[in-house]
Structure formats: C-alpha cells, structure tokens
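Here is a short briefing on a structure that may be new to you. Please look over the sequence and the 3D view first, then read on.

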Amino acid sequence: MDLTDFEWRLTRPARMKANEFEREGRLKHVIFAQQFTRQLLDKLCVMADMIRELSRSKQGSDDLRRLLSHKRAMLYFTQPSTRTFLSFMAACQILGITCNEVRDPSTSSEMKRESPLDSIRMFSSYFDVIIMRSKLPDFAECCAYLMNELERQERRSVPIVNGGAGTDQHPTQALLDIYTIQRTFQFDHREHAPRSRFHDLRRRYTDLSLGPDRKVYAFCGDLGRGRTVRSLVELLSLFEDVTLYFIAPEHETLKLDVDVRARLVKAGVDLHEFDSLDATIDGVPILEKIDCLYMTRIQREHNSAQQESEIAALDLSHFRLTTDRVARMKSYAPILHPFPRDSVVQEIPTEIDQDPRAMYFRQARNGMWARAALLVHLFDVVDDLYLLYDRAFKEHGEPSPRGR
Amino acid sequence: MDLTDFEWRLTRPARMKANEFEREGRLKHVIFAQQFTRQLLDKLCVMADMIRELSRSKQGSDDLRRLLSHKRAMLYFTQPSTRTFLSFMAACQILGITCNEVRDPSTSSEMKRESPLDSIRMFSSYFDVIIMRSKLPDFAECCAYLMNELERQERRSVPIVNGGAGTDQHPTQALLDIYTIQRTFQFDHREHAPRSRFHDLRRRYTDLSLGPDRKVYAFCGDLGRGRTVRSLVELLSLFEDVTLYFIAPEHETLKLDVDVRARLVKAGVDLHEFDSLDATIDGVPILEKIDCLYMTRIQREHNSAQQESEIAALDLSHFRLTTDRVARMKSYAPILHPFPRDSVVQEIPTEIDQDPRAMYFRQARNGMWARAALLVHLFDVVDDLYLLYDRAFKEHGEPSPRGR
Amino acid sequence: MDLTDFEWRLTRPARMKANEFEREGRLKHVIFAQQFTRQLLDKLCVMADMIRELSRSKQGSDDLRRLLSHKRAMLYFTQPSTRTFLSFMAACQILGITCNEVRDPSTSSEMKRESPLDSIRMFSSYFDVIIMRSKLPDFAECCAYLMNELERQERRSVPIVNGGAGTDQHPTQALLDIYTIQRTFQFDHREHAPRSRFHDLRRRYTDLSLGPDRKVYAFCGDLGRGRTVRSLVELLSLFEDVTLYFIAPEHETLKLDVDVRARLVKAGVDLHEFDSLDATIDGVPILEKIDCLYMTRIQREHNSAQQESEIAALDLSHFRLTTDRVARMKSYAPILHPFPRDSVVQEIPTEIDQDPRAMYFRQARNGMWARAALLVHLFDVVDDLYLLYDRAFKEHGEPSPRGR
C-alpha cells in the first residue's frame, strides 16, 4: 500500500466516505465536518458541558484523568500550529491521555527516505490515536484508509483525527464553534442557573429561540481561504431555518467559494452576500439583524505576489469591527473569531474584548472541552463519563444538571 | 489592552507593584525578588524541605503527585534556557502538574501577526499557570497586569511566574540560592540527624550562627550582567547583619551596577568591592573571611564587539577558583554557582567538584524543590502539603521533623 | 573530571567493562549488547510478555503506570532519531515514568560553553535515568563512568541507557530483536493458546525447535554500517547452534566488519557470506534454508562522495525482497527489519507487508515492551511486576500464563 492506492477514494462524495469512517453509529476516524450529524453534535455538546463541569473540582478533574489514563496519543503536527495543537494537548491531558508529539517537518526518518505511511504506521505501533496536521493534502484521509485496511487484515489500527490541514477541512474547529454557539444560545451565564437571562431576552426579542436553530449567522473577512468557515457552514446547514450572511471584499480569493455556495443553496440554506459590515437588507442594517457574528483574519501568508498587491489595494475598513458597529448589534449576539486575530489589520480591535458579546477567548477554551468530548466518543467511554457525572452530582446532593 | 497600556506601571517602585501581585498575604504572580519577604522565604524553605523528604519514598512521591494533579502548566520559554526550564518541568512533575511547552520564538501565531498578549491569553485559556522567559523586556510583568485586569473583569486569569528574562530579575533563582544557603547553614548533612556537625563547627568558629543571618557573602565574576546576583542580593538584604563582598574585574560592564549598590547601601548592608579573589581587608585575605562564595560566569554572549576586545584584554585569573584558593577558605564555606560554568575560562575547574564545599550541583537540585514549594504556595495547597507530611511521618512512627 | 579522564577505559575489552556497569547481578547502566547474558535475555523476554499482557486491560495498564510513577526520565537525543526516541517515550509512559527531552543539539548551555559532562550531571540532578543518543562517540559510556565516579563519592548518580549512538552499538535494538525472535519461535499467535501452530509446523519441519537456538539467521543489506546488526549478532552468539548468513554487496563499506567476523568465528558461530539473496549452498538456495531473515537499509546518509558513486554503481537488486523470493522461504520464517526502510530502493516493497511472515511492524511495537522490561530491571521493580501479573491473572480466575 502507498498513497497512490488511496487516490481514487478521495474524490468520492463525502457521505459515501463518511460510512467508512464510522462503526456501529460511532466515529472511527474524524476527517471532515460532514461526519457530524445533528444528533452527534447534540451529544458532543452535552458531553463537553459535563467535562467542563466535572473539571471545576479537584475530585472531578482527577476522575476525568482516570477515564483514558491507559491511552497514549501522538500529535503529529508537521504544519505549524500553536492553538489547535495546544488545545488538543489540553483535551488529552484532561482525560489522562499521555501526549507525544512530532512537530519537525524534517524528521530523521524522512531524511532516510521512509514513506509517510510507514511513519504513520510506526506511530500506530506505539500510540493509541493519531491527531495530525500535515502539509500533504488529504493525508489525514489517506491515513484513515490505511488504518481501515490494517483493521481488515486484523492488524493493529488506531483512530485518525484531522487537526486541520492544507486546503482541507478543520472539523474539530467547526465542532468547537457549534459548541460555543449552542452554549451561548442557552443564555445561562451561571452554572445550573434558572434561565432568567433568556426569559429577559425573550421579552425583548420575541422571535428568539434556544439553540442554534432559527438564527442569522454572519461571516466576515477572508471567506475564500478559511477552512474554518467552510467546515462550520457545513455543520450550520444541519440546523433548522438558519440564515447565512457572507461579508467579504470583492476579490475572488476572499469571497465564498462557489462550490460551497452551491452546496449550501442545494441544502436549502437562506444565504446572502455583502461587501461591507454596513450593508443593509430592505433598508435595515445587517448588523441589527445578525444573531451571531463570525469574524476572520485575512490570511496574508497564503497570498501570491499578485494577490498581495491586489489585496493591499482593497479598503478593508468595511470588514473591521469598531465599537460603533458593535453598539448597533443585538445585545445578546456573540462575536466569534477562530483566532489568531491580526494585530496590524485589527479586524477586532482590543477595545472590544471587554464587551460581554466578545466570546472569542471563551470560544478557544471551548475547543478544549469539545475536543475532549470527541475523544471520549472515539474511545467509546461515553457511559463511563455519564457514570462519573451522575456520581459527582449525586454525591453532592445536587440534582444532576444534565440528564442523559 | 495592549503592551503600551501597561508601560506607565513598569516604572513604579517595586514595593508598590508587589501589592498588586499578591492577595491576602499570598503571591498571585511571581515577577521580581522583592516580592519575597523574610517570613515567606522561611516558609518556602521549610516547604521545600518537606517536599524533598516526602520524595524519598515512593508513597511520598505518589502523594505529592496527587497534590496538583488537576493543574496544567504552560512553560513559555522563547528565550533559550535549559537549566531553568528543566528545573521548572521537574518541579511541576513532582506535584503532578501536567506540563506543556512553547519554546520556539517564531511560533506560527506570531507569523500570523498575533499580538504577544493574545498569545498569553490563549495560554491562559488552556492552562492554569504560565511560567515564562521571553526576550521582550518586562513582558512577564505586563502579563501579570493583563491577568489582574482580566480578574477585575471577572474573566479567567492565571498566575504568571517570571522564569528570568532579559535584563529583568530572576526571582526563582534567588529563591533557590537562599534555600541552598539556608540548608547549608543548618549543617545537618544527614536527615533528622542531631546537629553534631554544627556543634563541632561552633567550637572552632565561635562566631558561627545558624541560618543566613550574620554571614559574609562574596560574589565573584560578572556582577554587572548577572540578573542572578542582582536578585539574590535583594533577598540577602532581608537578613540580619549580612556583609557582601563584590569581586569583579575593573570594567564597567562587569562591576556591580551603581543602582543596585546604592539600594544596598540605603538598606544598611555592609558592602565592599574588590578586584581579585586574593584581595585583603585589614591585612587579612578575604578568602579567609568569606562564609559563602558565589561564583559566576563571564557572560560573553552578551558582549558587544568593543566589550569583547576589552574583556579579552583583562586578566581573569583573579576571578577563578583554584585548589590553593579553596584551601584557604573556611572549612564549612559553601561554594555556589548558578551554572552553567564556562569550561574554557574555568572559573571553577572540575578538580574542585570533589571538595565537600562544592555545593553547585546540589544547588541545581535545590532549584527543583524550591520551585515546587513556590508552586504549592501559588496554588494555595500549603495545608495539604503539611497534612501529607504529618501523615507520612506519623505513619512511620517517627516524630514529624518539621513542625508547622 | 572531564572526558579525557575516561579515555583509557574505553579501549578495554567489553567483558571487563561490563562488570563496572552492573551491581549484584543487575545492570546499573546499559551501554553495549555484551552486557546481556543469555539468562538476563530470557528474563527480560518473559517480563516484556508480562507487560504486554497486562497492558491489554485498563486495570493492568493503570497498575503498570503506578510501578514507576515516582521516576522522571531524561531522553537526551541530540542525534536525530524518531523511532528509538518514541519507543523509549512509550516504554516510560507504560510504566508511569514522566518523560523530559532535550533534542536540540545546540542547547543554550552548550553555547555558554558548558562541558558535556556538566550537562549530563545537571540532568542527573533533576531526573532519575538518562536515556541518550549523542554525536560524540562513546559518550554514553563516558557518562556511565561519570555516574560510577559520583556513586563512589556518595553523590547522586543515575542509570545511563545508550539509545544507539554514532558507530557505537545499539543494545536496546538488539534486545528487541531477540525478543521478537524469541516470541516468533514460540509460534503461539493467540494469547495463552495451546501451541497448536507449533505442533503443525513440527510435523512439517521435523528439525524445528522452540526459541532462538538451533536456527539459521540471514542478514541482508548494509552490514558494514548497521550498528543494529553488530549488536544483534553479539547476542545471537549466546544461543546454541546458530548459523549466520551474511548477504551483502561486494563493497568494503557494506560487508561485515572483519573484527565482528573474527569475534564470531572465535565464539564458534557457523557463518557464511554471500553476495545475493539468490545464492545457494550445496546447490540448495539459501532462501529455503533461512529460519529468520533480517533485512537492512543501505545507509546512504553516511556515504562519502566516493562511496556514493561506487555504491550507485552496484546492482542492489540482489539485496531486495520480492514476492517471488518470499514465496521460496519457509512458511514460518519471520522477516525482520530495524526500520526505517527506504521507499526508493525498496529493500522490502510494500506488497510484502500483508504476508504473515512480515514481522517488522510488530518488531517495532516489541521495542516498546522490551524497553519497558529493561526499565523494570534497571529500577529493580521486577518483583512488583510479578506481583501485579500474578494478581491480575488470579483475579480473573485464570492460571497465570507465565510462571516465575
């Protein structure tokens, strides 16, 4: 087996491939966002909440660390990444998974002309899951096929998790975004609190409902190259009555990809494109209609020389937040950003960080809980998590806040 | 908030700043040596001893590893460091803290123009303490202000520990030096042994007292650039009747900083400057008067071109130990060195390593215990440590060697 | 002490040196393969099996992780290595040993002119074992002498493990190879299964015996530079009636070293040299006689310019496996390779991976178990391992598969 043996499989439709990456309704590998069903997303969000709540106490943290203390992970991140890498490290550590890493793209074995698949199979000899970001396009997917093939031969095989690679998707970023949206639209800012804040809002915004359904989502910035946006809109299309606004400069590289657009339209999503945060729809500023604003950074590092000069010529002020613009937004509408943000362009200036709607740092922290939930699912210890959770809250004489 | 918002705070006197870095008499962040009071130093030394003694047995080690097993640390060391980095790693590991590291100064996020404070806030999203050494001057202090600001906003905030940066201080090195001095001047070389060795010495050296007070400390070598010396003399000035000798070449770069000198004089410290280890005072060689000798390396890597040639012209033989010089020292006087030592200049030749007064390798190991004690203090589990310790020694039917 | 103080010791015979690296019949340091006696190899193989079997259950894994949870390891790998490094990491993690690493050859301390022995002694201050691969020839051996010297002075001393360096030996690779051979020649492919497969084979191959004794081993490829081969043949010579075939191109650099050859002949080993996998002996193809085939990669990265062109001129097809060649081998004969393999030369093409005789990936995984067994031996917790093992199998009401 080598990479070329898997090439023909790469071009098949996502739904067909998704079947190969699951087993008895459970994910075996996590390669692209389309593998997440609405039902699975709901489950993972509940589990992420449970892990977060257990982590508040020393006892709960120590219990969680025993959950997967017999597992060892390989974080194979040969494409630079700090945030996703550290978030996965922390997620593993929360569950007691021992972490190992290979980050140098020029490992000694490659210099000795080892094939990439041999390297992956070496990792699978020593470790129990491979979380990866590689420069090779579609490499995570090929690794998943290799593992499936080994399983078929009754040889050792481990789960592959795509940490976001090349022009690929970034499924776990989409998962954490959904989790952040889900959590925000519960409107309970304190744990186990009655939903008082939601009831207040309900009186002011009579159309408002709980959860990600029936909301207007706006994406602003570099929508063409952000695999984050691509993965997230796939997941949002699973929810009911979502409206998507895409706000990007008039430049082919930065605008929403036509394929993505076509897929969304086909999925029946109500979508609109704008060239400024100040655009209006039927005379109403879109800023006043948005339930959730997702900002992104212009990915300068991927510019070609020509793009560089073209993009430098654009007026990016239309795609930057200001305190004035934020003031016009709904009082509950979260502002998200996959981070890092650009400290020169300042698509989100730091003075907005203090606004209660600035959710981007919590969003980062949510990544840790969401990824931990995903690992609990992959290693099939969901029941153990529920047991821990029920016991923790029974012991304290409190009603268990999250029923099964 | 960005770095410029904190600039005005940096120039305030240390005592004023120290208040912001503590809470109810306990340190919140560790930024400079002046934060340590005499009382706190005494406490930390006792705790370091307890951790060291517990570590001797498997049971004690395993108990210690449960103390902070629910915490995750970020060691952000973008300025090269092996010794301090590994010492902090080991200290964390002794207490069960899970370690994560970022050591590459050009992380991907910085290439994407993320601001340094955004990086720190990302770390604080995933981890429970940030131990750092950065090239940016005063950056650790700014990070502490950021965390205080976040705390004020009721957002997530974690302790910042300065691992020694730029021209800044190196507070934890000073702490471990004090711990080594404190321990050496107990003169009990075996655990729980009656102080027989001290009583022997007491007969020979009638002026000798226990502990760091009432001693003569000599510092030799590169006193101008060693942040280690700067931090340590701050702490020594907290003890009673200390006399400080500074032995450095006649070169502005290498001599004691005039500001530090002025501060010490103001604090009532008796200090003397010399240009050779063979200098005398009232006809008596200083080597015979010294109770503790602190050697340092000439920090060539910080030389400018001009300094390089000037320093090359100096006769450094006056600032090097030899077996002859050591032979003239008091039989109990410890020789310390913050390490690494220079194997070319040989300010301490290896033949001295076998002398019982050579304490520099124990000093390194002490860094691990002292830093662990500091983490126990920062995370407010001092009572748990005492509990462990009392239980360990009661279980063995021995009297607890360290009372509270 | 510095490196030159140890030079005279390096040239003494291995047996004389081996004494210094053991204590009361137990290894104190692991420097070269000759330290392993036949009896110790047998013990380590049993222990590796026990660790493997315990690791199958969560309970067993968690028990193992408590065995050495009070120890911290330094993996000092300044010579590039992925496989050996990760295998040692995994071995440590299985036993609960906390891992630390230094991999950058230009550490900050070296830039500050710290001597290599000072670095090692710093590591020994913080950590409980040093596992190392360095570019300095014989450096691991010198470090072992340093530790012995410190022990003599009643100072802190820790075990040194040679992770395979320069032209040195690679003792733990040899250990894992022996373990793989030992395991393969038990012919029990399922755990605790009656030896049905062996009895089948016994009928077909009437000469076949259990274990590594009385077998024909063939080594093929770059036999001159592979420290793996050098270390392994040392160990094989400890077994009874082994025959060794060496199959290498007619080139001085690639052929078996004359010293090794002489030593084997002196040890009474029956050895034969060939220039092709298709060679015959008394008219019978050697492929049909081999009980175990050990393939190796031509180590191009060590070629000088002259060797490069000379070796490029060789016909390497005689030293490559093909499905045809494998078809002629005995149905039970394992194919081993220390890996990585060369994906360009393809000494083992990937189509052979599916053959049941392809053992090279299991061999890699065996490295983890064998190294864990070695650490159990070094830290003298063999009895604790047996206790764990007996308890695990008694609890399940099964007879303990490995008696003491």
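Strand β3 (residues 72–77) of chain B runs parallel to β4(B), and five bridges join the two. This is a predicted model, in which local features need pLDDT of at least 70 and side-chain atom pairs count only at pLDDT 80 or more, while totals for chains, interfaces and linings use all residues. Residues are numbered from 1 along each chain as its sequence is written, and chains are lettered from A and ligands numbered from 1 in the order in which they are written.

**The sheet in chain B**
- B:Y76 has B:V102 as its bridge partner in β4(B).
- Helices (H or I, at least four residues) and strands (E, at least two) are DSSP runs, numbered from the N terminus.
- Two strands pair if DSSP finds at least two bridges between them.
- Four strands of chain B form an open sheet in the order β4-β3-β5-β6, with parallel pairing.
- β4 (98–102) and β6 (160–162) of chain B are the edge strands; each has a single partner strand, so one side of each lacks a neighbour in the sheet.
- On average, neighbouring strands of this sheet are turned by 20 degrees against each other, direction ignored.
- Helix α5 (residues 83–94) of chain B packs on the sheet and touches β3, β4 and β5 (129–133) of chain B.
- The direction of α5(B) makes about 180 degrees with that of β3(B). Axes here are lines fitted to C-alpha atoms, for helices over the stretch in contact, and angles run from 0 to 180 degrees between N-to-C directions.

**Where chain B meets chain A**
- The contact joins 22 residues of chain B to 28 residues of chain A. Two residues are in contact if their C-beta atoms, placed from the backbone, lie within 7 Å.
- On the chain B side, β4, α6 (108–111) and α7 (116–126) each supply at least two residues.
- α7(B) gives the most to this side, with five residues.
- By class, this side of chain B has five nonpolar, 10 polar and seven charged residues. Ala, Val, Leu, Ile, Met, Phe, Trp, Tyr, Cys and Pro count as nonpolar, Asp, Glu, Lys and Arg as charged, and the others, Gly among them, as polar.

**Where chain B meets chain C**
- Here 28 residues from chain B meet 22 residues from chain C.
- α4 (58–67), α5 and α15 (360–378) of chain B each give two or more residues to the side that touches chain C.
- α5(B) gives the most to that side, with six residues.
- That side of chain B divides into 10 nonpolar, eight polar and 10 charged residues.

**How the copies relate**
- Chain B is superposed on chain A by a rotation of 120 degrees, with 0.0 Å of shift along its axis (RMSD 0.1 Å).
- The two copies are thus related as by a three-fold rotation axis. Superposition is by least squares on the C-alpha atoms of residues with pLDDT of at least 70 in both.

**Domains of chain A**
- Chain A is divided into domain 1 (3–169 + 367–395) and domain 2 (172–364). The bounds come from an automatic or database domain assignment.
- The centres of the two domains of chain A, taken over C-alpha atoms, are 27 Å apart.
- In chain A, 20 residues of domain 1 are in contact with 18 residues of domain 2.
- α3 (38–54) and α16 (360–378) of chain A each give two or more residues to the domain 1 side.
- The largest share of that side, six residues, comes from α3(A).
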